Amino acid sequence: MTPKRKQRLIIVMFILVGVSVSVGLTLFALNQNINLFYSPTQIVSGEAPQNTRIRAGGMVVDGSVKRDPDSLFVQFDITDYDKTVTVEYVGILPDLFREGQGIVAQGMLNEHGVLNAAEVLAKHDENYMPPEVADALAKAGKMPMPEGQEFNK
């Protein structure tokens, strides 16, 4: 092999290694940032991973909101009208958060099945429900409908 061919081979090898490392790092970063959605039924059945950032959604159970008077700690339950999951959150809840409303919480599931939320998102008007929550409720056959409306997918 001539020196010129060796030099070209070394350059091609460096390019291949560089591209491989770049693709590997990109896939690793994307894998770390994926937040998969789980319904309360899936969480209770054990489908949701523990200590991994996930999104969970459902309707806030009436009478389940408990606020700590000395801090911003809030505990509440969410349901898909089949199973219920407890959510713990430290922070200011959205203005539209209330009992009986569809929400999506992002956080990590601990070993006790409690979602430690880092963010809580609430719907923005009376007719909107996050698509993931609507799908989970529809699959459970418990989709609440305002009078005179049907669920269209």
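This is a short chat about a predicted model of one protein.

Q: To start, how many helices and strands are there in the protein?
A: The predicted model has 3 helices and 7 strands, and, read from the N terminus on, the elements run α-β-α-β-β-β-β-β-β-α.

Q: Which elements have the lowest and the highest mean pLDDT?
A: Among the elements, helix α3, at residues 131-139, has the lowest mean pLDDT, 74, whereas strand β5, at residues 84-90, has the highest, 94. Across the protein the average pLDDT is 83, and 85% of the residues score at least 70.

Q: Switching to the annotations, what does UniProt say about residues 9-30?
A: The unreviewed UniProt entry annotates residues 9-30 as "transmembrane region". In the model, that stretch is 100% helix and 0% strand, with its end C-alpha atoms 32 Å apart.

Q: And how many residues of strand β6 are buried?
A: Strand β6, which spans residues 102-109, is mostly covered, since 7 of its 8 residues are buried. For the protein as a whole, 29% of the 153 residues count as buried.

Q: Which strand pairs with β6 over 7 bridges, and in what sense?
A: Strand β2, at residues 53-60, pairs with β6 in the antiparallel sense over 7 bridges, and I54 stands opposite G107 in β6. Strand β7, at residues 115-122, also pairs with β6 in the antiparallel sense over 7 bridges, and there I103 stands opposite A122 in β7.

Q: What lies between β6 and β7?
A: The two strands form a hairpin with 5 residues between them, and G113 in the turn has a positive phi of about 80°.

Q: Let me move to T79; where is that residue found?
A: T79 is found in strand β4, which covers residues 73-79.

Q: Is T79 buried or exposed, and why?
A: T79 counts as buried because its relative accessibility is 9%, and buried means under 20%.

Q: What does the side chain of T79 reach?
A: The side chain of T79 reaches the backbone nitrogen of Y81 at 2.8 Å, and a polar atom of that side chain also lies 2.9 Å from the backbone oxygen of K83.

Q: Leaving aside neighbours within four places in sequence, which residues is T79 in contact with?
A: With those neighbours left aside, T79 is in contact with P40, G58, M59, V61, T84 and L137.

Q: Last one: what does the accessible surface of the protein come to?
A: The accessible surface comes to about 10,200 Å², and 55% of that belongs to carbon and sulfur atoms.

Notes: Residues numbered from 1 in each chain as written. Heavy atoms only, no water. Helix = DSSP H or I, 4+ residues; strand = E, 2+ residues; numbered from the N terminus. Buried < 20%, exposed > 50% of the residue type's maximum accessible area, 1.4 Å probe, protein only. Polar contact = N/O pair within 3.5 Å; in protein donor to acceptor, adjacent residues only side chain to side chain. Contact = heavy atoms within 4.5 Å. UniProt positions renumbered as here; feature names shortened; annotations may be inferred. Areas by Shrake-Rupley, 256 points an atom, 1.4 Å probe, with all protein chains shown as cover. pLDDT = per-residue confidence, 0-100. Pairing = 2+ DSSP bridges.
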